[in-house]
Amino acid sequence: MTETFEKIQWPNQARCAVMLSFDLDGDTIWANGNRSYAGGEDFIRSTSIGDYGPKRSAPRILELLDRHRLKGTFFVPAKVVEENPELLQAIDRAGHEIGHHGYRHERFVDLTREEQKEIILHSQDIFQRVIGKKARGYRTPSGDWSRETAGLLNELGFSYSSSMRGDDRPYRTIIDGQITDFIEIAPKWDLDDFVQFGYNIFPAEPAGQDRISGIEHVYDNFRQEFDGYYRFGLCFVLLMHPQIIGKPGRIMMLERLLQHMKSHEDIWFATGEEIAAWWRTNH
Amino acid sequence: MLEVKSWPRGARCAVLPTVNLDADQFWLGMFPDSITRPKTLSMGEYGIQRGLDRLLRTFGEYGIKTTFFVPGLVAERYPAAIEKILVEGHELAVHGHTHTSMHLLTPDQQMEEMVKAREALQKLSGRKPLGFRAPEGELTLETLRLAQQCGFTYSSSLYGDDRPYRVDLGAASLLEIPMHWELHDFPYFAFNYGPAFPIGQGRTASYSQVTKTFQREFDGYYQFGLAYVAQFTPQTIGSPGKIKILEEVLEHIAKTENVWIGTCEELAANSA
């Protein structure tokens, strides 16, 4: 574990690492919430908010990343992989990383170890079938994982997770008291677009139906947070959802943010797996 | 009500940039189920691991000594963090033991919380903490009576004034150094989906608006000659981007003349 003000070595003398991550949840998050209502499995309005992600946002994001020659990390529930094989193959072909995000965005803290293992392995089979390889990274879907999940992922050969909230640089996960090679690259709620913009009247999202944040306000917050990560030389993890950030005005906000980041020459833009591999070798 | 004749050193305005080092005990105290939720707890651990260092460095840069309110269990779990606070010369005060809301506890349990927390802090600092801030949640006059009997010389738990005042406890009274929600970082920024905090999962406030709000409020406290008691939470304000909010607020205050900045203990001694 590095000291708070210790200068972190990044590749090519970069001052700061940036991981652009996209949780391509599709309709899974809405369908999961709807199941608690009578007849909820047939609701189509809230799920259409999710459908927009793979359908409209993902191509827009791929175009943006391509134009800026940047690689993203897409965490995708395997059900969305099954339903959108061509899109996932296009993401993979473009050189982006595809990571594990459950089968239908399950809340792992509510599952037994066996149930977790079954979901992980079943989803890995789908990745293998659709893109010809298994996921190396994992982001816990929907809130917490259980106290057993990190050990399970490590045992199943995952390289890293991007799930916790406890640091602003990668670290080696401690499992059963042992420092392991399993790397954690923690994101933050402050840098999660869903927290700022996700909205629906019924079923209510967020729970208290707070107002949708203004784009300039969110841009300013994200930029100030990035400036802090740059100042201290840390690992900035932007946690985005295509259905949220891929809207016409918001993707322009993302592009402005990318331009702001790229105005510094010493930024290392990297995928989760690249960051994990670097950390494992150098820390 | 105690009339404050003047602030220490004859200053026009007193500033107390207090810190609540709740860490993971905030989540465990409010949502005991969090014990099975590593991601939720990691938000609190961030306060110890990173946020605290940034706050201490910022206070050091401005030459500020302030009061850290710490739950006893946090002190027991993270003694190295408490040592860093002590080395910098800040004051340690009690913020419950388990960070459980006082209104949920019997008088005996409340007393036990106070005594255990006091002992946990005293063990590390070698001196008896003088201040008590009730954990988030409610309290009753009985809570303050117990705090007074327990030997605390001041409380910072209420919102009823913008200067210190004495709370009448019948046979005795206790000095209260009141705070205000709008001068607390947590309501603007703390977030978790599940367990939901805030309960309605509200958005992250605008960093620049919060900075300006803390600055405008200071201007008001200065104008009226009051005690500006702010609350900062390492897991919240201690992120790489948000620490700049604290810096800009302190910078704004530092540019103002005739301001006294110090600990609750010093202010309590001045108000006695």
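What percentage of the 283 residues in chain A is buried? I get 47%, where buried asks for 20 or more other C-beta atoms within 10 Å of a residue's own, exposed for 12 or fewer and partly exposed for anything in between, with C-beta atoms placed from the backbone.

**Ground rules.** This is a predicted model, and I kept to its limits: local features need pLDDT of at least 70, side-chain atom pairs count only at pLDDT 80 or more, and totals for chains, interfaces and linings use all residues. I number residues from 1 along each chain as its sequence is written, with chains lettered from A and ligands numbered from 1 in the order in which they are written.

**Chain A overall.** I looked up the secondary structure and found 11 helices and 9 strands in chain A; these are DSSP runs numbered from the N terminus, with helices being H or I of at least four residues and strands E of at least two. The C-alpha atoms fill a box of roughly 55 × 45 × 35 Å along the principal axes.

**Chain B overall.** Chain B also comes to 11 helices and 9 strands. Its radius of gyration is 17 Å, close to the 19 Å that the globule rule gives for 272 residues, so chain B is as compact as a globular protein of that length. The C-alpha trace of chain B spans about 50 × 45 × 35 Å along its principal axes, and 53% of its 272 residues count as buried.

**Helix α2 of chain A.** Where is the kink in α2(A)? I find about 45 degrees at A:Ser57, shortly before the proline A:Pro59, the bend being the angle between axes fitted to the seven residues ending there and the seven starting there. A:Ser57 is among the buried residues of this helix, as are A:Gly53, A:Pro54 and A:Ala58. The buried residues of α2(A) pack against β1, α1, α3, α4 and α9 of chain A. Just after the helix, A:Arg69 takes a positive phi of about 50 degrees.

**A:Leu24.** I found A:Leu24 in the loop between β1 and α1 of chain A. It counts as buried because 29 other C-beta atoms lie within 10 Å. Beyond four places in sequence, its contacts include A:Gly53, A:Pro54 and A:Ala58, along with A:Phe74 and A:Pro242.

**Core.** Which residues touch the most other members of the largest nonpolar core? Of its 137 residues, they are A:Ala17, A:Met19, A:Ile185, A:Phe236, B:Val70 and B:Tyr228. A nonpolar core here is a set of buried Ala, Val, Leu, Ile, Met, Phe, Trp, Tyr and Cys residues joined through C-beta atoms within 7 Å. A:Met19 has A:Ile185 among its contacts beyond four places in sequence, as well as A:Thr73 and A:Cys235.

**Interface.** The contact takes 36 residues from chain A and 31 residues from chain B. On the side of chain B that touches chain A, α2(B) gives the most, with 11 residues.

Most residues other than glycine have a negative phi, and most peptide bonds are trans. I noted a cis bond between A:Phe202 and A:Pro203, with omega about -15 degrees, and another between B:Phe197 and B:Pro198, with omega about -5 degrees. B:Ala23 has a positive phi of about 50 degrees and, with 30 C-beta neighbours inside 10 Å, counts as buried. B:Asn258 has a positive phi of about 65 degrees, but this residue is exposed, with 12 other C-beta atoms within 10 Å.

Terms used. Two residues are in contact if their C-beta atoms, placed from the backbone, lie within 7 Å. The radius of gyration is taken over C-alpha atoms; the globule rule is 2.2 Å times the number of residues to the power 0.38.
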